[in-house]
Amino acid sequence: MSWGTELWDQFDNLEKHTQWGIDILEKYIKFVKERTEIELSYAKQLRNLSKKYQPKKNSKEEEEYKYTACKAFLSTLNEMNDYAGQHEVISENMTSQITVDLVRYVQELKQERKSNFHDGRKAQQHIETCWKQLESSKRRFERDCKEADRAQQYFEKMDADINVTKADVEKARQQAQIRQQMAEDSKADYSLILQRFNQEQWEYYHTHIPTIFQKIQEMEERRIVRIGESMKTYAEVDRQVIPIIGKCLDGIVKAAESIDQKNDSQLVVEAYKSGFEPPGDIEFEDYTQPMKHAVSDNSLSSSKEGKPDLKFGSKSRGKLWPFIKKNKGVTPEDFSNFPPEQRRKKLQQKVDDLNKEIQKETDQRDAITKMKDVYLKNPQMGDPASLDHKLTEVTQNIEKLRLEAQKFEAWLAEVEGRLPARSEQARRQSGLYDGQTHQTVTNCAQDRESPDGSYTEEQSQENEHKVLAPDFDDEFDDEEPLPAIGTCKALYTFEGQNEGTISVVEGETLSVIEEDKGDGWTRIRRNEDEEGYVPTSYVEVYLDKNAKGAKTYI
């Protein structure tokens, strides 16, 4: 089956059909483009939806996400965010693997189609020109034959007329001969042109047109195959993200299965438990006999004027009853307007936050102290006096934070002393210092309560930290670079603003060229041309045991 033999006379229809095929391909491209836009829009709406219901930072809503049901909902939002990402992947892949390729292919197809039909029209024009030449030769032959016939008849008429002179007869004879010769020439020319036309026509219908139409057929079949491959790619792009979308949905199911109603119920108890004990029975007050009406220590307080306030115990005076509305004024610094259990939690959190601040300031003070000692040993690295102001400021901050922590620990000790005994597992510890390099902040609230229920603050004495003398090389610039003895990873960001130090970014990996010699500083190198010292506590060092100069640790 070939278009060249079967459709030899359907040039115009083939031209229309191939144009229709290109229109179909462009329509499919438009369809895929609109699908990608829909996927992007859908992904954007999903992301916005997920973002809309995310808990706001530092808000009461964020505290609600300690419940397992809320955590599951948060996981669902995160999974939906990933789910949206897969629809973005679909859009990107369809654009890169289908739309871009098909747009380029359509341009190539149009150019190829234009070239093939140009060759077809050229062949048509050539055969039409040959046909016109044949027609012209035929008409000329016909005209010359008629002229020769008329000339012959005229000669015969003149020759039969006795009144015509011999010269006129000779002239008519010569004219008849000339016309006869012209007819013969036209016949020969017509015959030659006819043979040539027949040859051209045979080549046109059996060679040129079949070849051109075969190219057009192959072009059209390639277009059909290409659009079929694009449809397969269209399905594969969707199929590729199905496993990841399935994982997102599995994550939602897993989050739903992690919901623990008992745990949430326990969190409600921890969040709202007041620490009060239920009131006891109210004693009968006999008004028939004049006597002092005793009231149980655990009875509900009377709202009548002149009635004494009821107590939960010797140390619980002034506490709020469950049936008395809480004061909605400004929260006191010691959280005394909260029930005992809630107050304990607030104080414990405040102590933890203060201890973290103390730890941070202490690390900064130690780093400045070590840097100052380095400057004293190596004046070329910087001026030691330039660090005095900063060191004093940090020391004062530490002292203020310690006093603040002691104050809240005293209040915490007071609350814990009044609450019923709790299990060790439920009792939160506030100390952050484990005795590795820093002095712990002692719990100064023990035995501070005076007989009248108040407490006294005793300021703890801060031990001086002994800083080891640095042992840097006297000459920082060596004739040749030191070999690396290991690598290190920056645990924190360090701004090396002084001479001899180098700035590092958290998570950055660098080469170690000189390990800590006891002064708290490690010499490192970035690339091949930038090196300096950083605090050892700011990096995690991995020494190469086979490297020259590396110590062997047992």
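Predicted model: local features only at pLDDT ≥ 70, side-chain atom pairs only at ≥ 80, totals over all residues.

Q: Okay, how many helices and strands does the chain have?

A: The chain has eight helices and five strands. Reading from the N terminus, the elements go α-α-α-α-α-α-α-α-β-β-β-β-β.

Q: And how much of the chain counts as buried?

A: Of its 554 residues, 33% count as buried.

Q: What share of the contacts in the chain comes from residues 24 or more positions apart?

A: Taking the contacts with a separation of 6 or more, 72% are between residues 24 or more positions apart.

Q: Let's talk helices. At what angle do the axes of α4 and α5 cross?

A: Roughly 175 degrees, and the axes come within 7 Å. Here helix α4 covers residues 68–160 and helix α5 covers residues 166–257.

Q: Does that angle make them roughly parallel or roughly antiparallel?

A: Roughly antiparallel, because an angle over 145 degrees counts that way. So α4 is roughly antiparallel to α5.

Q: What kinds of residues make up the contact of α4 with α5?

A: The contact has 46 nonpolar, 21 polar and 23 charged residues.

Q: Can we zoom in on that pair? Which residues does Ser137 contact, leaving aside its neighbours within four places in sequence?

A: Ser137, which is in helix α4, is in contact with Ser186, Asp189, Tyr190 and Ile193.

Q: Is Ser137 buried or exposed?

A: Buried: its relative accessible area is 1%, and anything under 20% counts as buried.

Q: What about Asn93, buried or exposed?

A: Asn93 is in helix α4 too. With a relative accessible area of 18%, Asn93 is buried. Not counting residues up to four places away in sequence, Asn93 touches Ile98, Val237 and Gln240.

Q: How many residues apart in sequence are Arg223 and Tyr105?

A: They are 118 residues apart in sequence, and their C-alpha atoms are 8.9 Å apart in space.

Q: Is Arg223 buried or exposed?

A: Arg223 counts as buried, because its relative accessibility is 5%.

Q: New topic: α6. How far apart are its end C-alpha atoms?

A: They are 17 Å apart.

Q: Which residues are buried in α6?

A: Asp264, Leu267 and Ala271 are buried there. They cover an arc of only 55 degrees around the axis, so they sit on the same side of α6.

Q: Why would residues a few places apart point the same way?

A: An α-helix has 3.6 residues a turn, so residues three or four places apart point the same way.

Q: Nice! What covers the buried residues of α6?

A: The cover includes α4 and α7.

Q: And Gln261, is that one buried or exposed?

A: Gln261 lies in helix α6 and counts as exposed, because its relative accessibility is 53%. Gln261 and Thr68 are 193 residues apart in sequence, while their C-alpha atoms are 7.7 Å apart in space.

Q: Last one: where is Lys360?

A: Lys360 is in helix α7, which covers residues 340–377. Lys360 counts as exposed, with 56% relative accessibility. Its C-alpha atom is separated by 9.2 Å from that of Ile398, 38 residues apart along the chain.

Key. Residues numbered from 1 in each chain as written. Heavy atoms only, no water. Helix = DSSP H or I, 4+ residues; strand = E, 2+ residues; numbered from the N terminus. Buried < 20%, exposed > 50% of the residue type's maximum accessible area, 1.4 Å probe, protein only. Axes fitted to C-alpha atoms, helices over the stretch in contact; angles between N-to-C directions. Parallel < 35°, antiparallel > 145°, perpendicular 65-115°, else oblique. Nonpolar A, V, L, I, M, F, W, Y, C, P; charged D, E, K, R; others polar. Expected span 1.5 Å × (residues − 1). Arc of directions from axis to C-beta. Contact = heavy atoms within 4.5 Å.
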